[in-house]
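Thanks, everyone. Let me put the structure up, and then I'll talk you through it.

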Amino acid sequence: RLDYRNAFFVFRQSYTGLRFYLTDDSRFVDPYALSDIETGVRFDLRGYKFLTALTVNNLLNNNYQVIEYMPAFKRNYRLLLSLSF
């Protein structure tokens with residue numbers, strides 16, 4: 001995580017190895033790696049605290065399965081707007 005004044009940047013990398021789903025370990029789901037990034041800014045305005053952030057999940061748009069024959073999400077985005085008082 002990188003912070004500069006009120007802004008921040010986060011890079012996340014995860015790896016999941018072979019996932020066996022039969023008790024005799026004869027069937028498995030292929031391993032996969034995912035990369036995510038997030039950037040945002042925090043600021044105060046009239047006594048309220050604001051946070052806005054944008055996250056990109058599966059940045060490299062990898063094809064992967066957590067459960068056999070059920071494809072997981074491709075690249076997707078999340079916009080966060082938060083107000084604290």
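I'll take the sheet, then the salt bridges, then a surface patch. One caution before that: this is a predicted model.

Strand β2 covers residues 7-16, and strand β5 covers residues 32-45. The two pair in the antiparallel sense over 10 bridges. For a landmark, take Ser14: its bridge partner in β5 is Leu34.

Next, charges. As a reminder, side chains of opposite charge can pair when their charged atoms come close. How many salt bridges does a search of the whole structure find? The count is 4.

Pair one is Glu38 with Arg12, at 3.5 Å, N to O. This pair links distant parts of the chain: Glu38 sits in strand β5, Arg12 in strand β2, 26 residues apart. Is Glu38 buried or exposed? Glu38 counts as buried, because its relative accessibility is 11% and the cut-off is under 20%. Arg12 has 34%, so Arg12 is partly exposed. There is also a network here: salt bridges link Arg12, Glu38 and Arg78.

Pair two is Glu68 with Arg27. Their closest N and O atoms are 2.6 Å apart. Again, distant parts of the chain are linked, 41 residues apart. Glu68 is in the loop between β7 (65-67) and β8 (70-71). Arg27 is in the loop between β3 (19-20) and β4 (28-29). Glu68 is partly exposed at 22% relative accessible area. Arg27 is partly exposed too, at 35%.

Arg1 is exposed, with a relative accessible area of 57%. Asp3 is exposed as well, at 51%.

Last, the surface. Leu54, Tyr77, Leu79 and Leu81 make a nonpolar patch of about 480 Å². Which strand gives the largest share? Strand β9, residues 76-84, contributes 3 residues. Leu81 lies in that strand, β9. Its relative accessibility is 65%, so Leu81 counts as exposed.

Key. Residues are numbered from 1 along each chain as its sequence is written. This is a predicted model: local features need pLDDT of at least 70, side-chain atom pairs count only at pLDDT 80 or more; totals for chains, interfaces and linings use all residues. Side-chain values use heavy atoms; hydrogens and water are left out. Patches are made of residues with over 30% relative accessible area and no salt bridge: like charges are joined within 9 Å, nonpolar side chains (Val, Leu, Ile, Met, Phe, Trp, Tyr) within 5 Å. Accessible areas come from the Shrake-Rupley method with a 1.4 Å probe; for residues, only the protein chains shown count as cover. A salt bridge is a side-chain nitrogen of Lys or Arg within 4 Å of a carboxyl oxygen of Asp or Glu. Helices (H or I, at least four residues) and strands (E, at least two) are DSSP runs, numbered from the N terminus. Buried means under 20% relative accessible area, exposed over 50%, partly exposed in between (1.4 Å probe, protein chains only). Two strands pair if DSSP finds at least two bridges between them.
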